[in-house]
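Let's take a friendly walk through this model, one region at a time. Keep the viewer open and follow along.

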Amino acid sequence: MDRAMASRRILSLFNTLTRRVEPVHPLEQGVIRIYNCGPTVYNFAHIGNLRTFLFQDLLRRTFEASGYDVKFCMNITDVEDKIIRDSQAGLPADASNAERLVAMKALTDRYTAYFLEDLARIGIQPATYMPRATDYIGGMIAMVEQLIAKGHAYAREGSVYYRIGSLPHYGDLAHLDREGMQVGVSVDVDEYEKDSAQDFVLWKAAKPGEPYWESPWGPGRPGWHIECSVMGIDVLGERMDIHTGGVDLIFPHHTNEIAQSEGCLGHTWVNHWCHGEFLMVEGQKMSKSLGNFFTLRDLIDKGIDPLSFRYAIQSNHYRKVLNFSFDGLKAADASLARIRAFRRRMTGTGEVAGRGDWKEAVDPMARLQMARERFWEAMADDLNTPEALASLFTLVTDLNAQDDRVALTVEERQAVSAFLDETNAIFGGWAAEEETLPAEIEALLAQRQEARATKQWAESDRLRDVLKSLGFLVEDRKDGTMSARRA
Ligand code: AMP
Ligand code: ZN
C-alpha cells in the first residue's frame with residue numbers, strides 16, 4: 001500500500017457532542033489518541049459488551065490502515081459497586097480491609113484474564129495501554145481535591161460530590177435540559193437516569209463491610225466516573241482525539257467525565273465523542289440485569305466460530321441497533337466462506353481456469369481500483385462497513401465470473417490479494433492461509449484428483465471424507481484441480 005497517500009486519508013465520524021459527522025483532524029499530525037471505556041470485570045463480558053469492544057477495534061484498525069499511529073487506551077474498571085457486591089459476598093463480617101482488597105483483586109484478576117481471552121478469540125488487538133483503576137487511586141484523590149479547590153465539588157459526611165450547577169455546559173453531551181436538573185440534590189450510585197441529573201458522587205465513604213482506601217475525607221473509594229477522567233488524562237494527556245463507549249455511557253458516565261475533566265483542566269478535553277449502538281434481543285438491550293444475554297463461550301459451545309460472530313457484528317453499521325440472531329451468524333459464516341474461497345482462488349497456482357474470449361472481459365485492474373476507492377470512501381464516511389463490504393462482494397462476483405472466462409494473470413491475482421490483505425487488516429476474517437499443506441494431505445489430494453480424472457466418484461467422495469476427518473476441507477475448481485484448507 002502507498003503509505004504516503006494513506007497517511008493523508010481523513011476519516012469522518014459521527015460526533016455525539018455536535019450530532020454531526022465530522023472529519024477527525026488529529027491533535028498531533030499522524031497520531032490518534034483514543035480512550036475507550038473498558039469492561040467492569042466482575043463477570044464474563046456478554047456479546048452485547050463485545051459489540052462495543054468490536055466497534056472500538058474497528059475504529060482503531062481503520063485509523064491504522066489509513067496510516068495513523070494509534071495510541072489506544074482501554075481501561076479496566078476494577079473497583080465499582082457491582083464488583084464490591086460480588087467480591088465481598090463470601091467474606092466474614094469481621095474480615096480486615098486487607099482481606100477485602102485481596103478478595104476484590106482476586107475476582108477482577110480472574111475476569112480480566114477471561115476478558116482478554118475473549119478479545120483474542122474475536123481478533124481484537126491488545127490495547128496500547130490498559131490501565132487498571134486501582135493503580136490510580138492517588139491520582140483520583142488528587143483530582144477530587146482540585147475539583148473542591150476550584151469550587152466544583154463539596155465534601156459531605158465522608159463522601160465528595162460534584163456540584164453540577166457549577167459548570168455552565170454540564171450535560172451538553174447528552175443534550176440535557178438544564179431546567180430539569182436537580183441542582184443541589186445528590187446521588188450516591190454510579191448509574192442513574194437522565195431525568196434525575198443530580199450532584200454525583202466523586203468519592204464514596206466506605207460502608208461497613210466494604211474495602212476502602214484512606215483519603216482526606218476518611219476511608220472510602222472512588223466513584224466510577226472519576227476513574228476514567230484520571231486514567232484518560234494520565235495516559236493520553238490533557239487533550240485527546242476520540243473517546244468511545246456504548247450509547248448507554250453518554251449519560252451519566254461520559255457526561256460526568258466531561259464535567260470532572262473540563263472542570264479541572266479548564267479547556268476542552270475530548271474532540272470527538274463516539275458511541276456504538278446496542279446489541280438487542282427481541283427488542284430489548286442485551287444486559288446482565290435482564291438476563292437475556294449470551295457470552296462468547298456460550299456461542300463457542302454451540303459450535304459458532306468466533307470470527308463469524310466478529311463478522312456478523314462488523315458487517316452492520318456501528319450506529320444502528322442490531323438484533324442478535326443465530327440466522328445472522330449463519331449468514332456471516334457464508335459471507336466469510338465466500339471471501340475466503342475467492343482468496344484461495346486468487347492465491348492459486350494461476351492455472352488457466354477460463355476458456356472464453358478476452359474481448360468480453362473488463363479489465364480486472366480497473367474493477368479492483370473501483371472497488372478499492374468505493375471501499376475507502378465508505379470507511380472514511382463514519383465507518384460505513386455495509387457499503388465497504390458491498391464493494392468487496394461486487395469485486396468477488398465480477399472477478400469470479402471473469403476468471404471463469406479468462407484466467408486472471410499472476411500480477412492481477414497479486415494485486416487482488418494485496419487488496420484482500422488491506423481489507424483483512426480491518427475486518428480480520430480472511431487472512432492469507434499457509435501456502436504449504438502437510439505432505440500427507442497433498443498425497444490424499446493427488447489421489448483424489450486421480451480418482452476424479454478416472455470418474456471414480458465414490459472413491460473421490462471417500463477421500464473427501466478422509467480429508468475432512470483430518471481437518472481439511474476440499475474445494476473443487478472448475479478446471480478439475482482442487483485445493484484444501486484447514487476447516
Ligand atoms: P460494562 O462492562 O458494563 O462497563 O460495559 C462495557 C461496555 O459495553 C460499555 O461500553 C457499554 O456501553 C457496552 N454495552 C453494554 N450493553 C451493551 C449492549 N447490549 N450492546 C452493546 N454494547 C453494550
Ligand atoms: Zn469510562
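We begin with a sheet: three strands form an open arrangement in the order β13-β12-β14, with mixed pairing. β13 (284-285) and β14 (322-323) stand at the edges, each with a single partner strand, so one side of each is left without a neighbour in the sheet. Strand β12 (residues 279-281) pairs with β14 in the parallel sense over two bridges, and Met280 stands opposite Asn323 in β14. Two strands count as paired here if DSSP finds at least two bridges between them. Helices (H or I, at least four residues) and strands (E, at least two) are DSSP runs, numbered from the N terminus.

A word on the ground rules. This is a predicted model, in which local features need pLDDT of at least 70 and side-chain atom pairs count only at pLDDT 80 or more, while totals for chains, interfaces and linings use all residues. Residues are numbered from 1 along each chain as its sequence is written, chains are lettered from A and ligands numbered from 1 in the order in which they are written, and side-chain values use heavy atoms, with hydrogens and water left out.

Next comes helix α9 (residues 306-314), which is mostly covered: eight of its nine residues are buried. Buried means under 20% relative accessible area, exposed over 50%, and partly exposed in between (1.4 Å probe, protein chains only). Among the buried residues of α9 are Pro306, Phe309, Arg310 and Tyr311. At the start of α9, a side-chain oxygen of Asp305 reaches to within 2.9 Å of the backbone nitrogen of Leu307.

Now for helix packing. Two packed helices are described by the angle between their axes and the distance between the axes. Axes are lines fitted to C-alpha atoms, for helices over the stretch in contact, and angles run from 0 to 180 degrees between N-to-C directions. Helix α10 (residues 326-346) packs against α12 at an angle of about 45°, with their axes 11 Å apart. That makes α10 oblique to α12; angles under 35 degrees count as roughly parallel, over 145 as roughly antiparallel, 65 to 115 as roughly perpendicular and the rest as oblique. Residues of α10 that meet α12 include Ser335, Ile339 and Phe342, where contact means heavy atoms within 4.5 Å.

Helix α6 (residues 224-236) and α7 have axes that come within 8 Å and cross at roughly 55°, and are therefore oblique to each other. On the α6 side, the residues that meet α7 include Trp224, His225 and Ile233; among their partners in α7 is Pro252.

Most residues other than glycine have a negative phi, and most peptide bonds are trans. Which phi value does Arg19 have? Phi of Arg19 is near 60°, a positive value in a residue other than glycine. Arg19 sits in the loop between β1 (12-15) and β2 (20-23) and is partly exposed, with a relative accessible area of 35%. Asp382 also has a positive phi of about 60° although it is not a glycine. Asp382 belongs to the loop between α11 (364-380) and α12 (385-405), and is buried, with a relative accessible area of 2%.

Finally, Ser12 in strand β1 is buried, with a relative accessible area of 18%. Ser12 touches residues including Val21, Glu22 and Asp382, not counting residues up to four places away in sequence.

Definitions and conventions. Polar contact = N/O pair within 3.5 Å; in protein donor to acceptor, adjacent residues only side chain to side chain.
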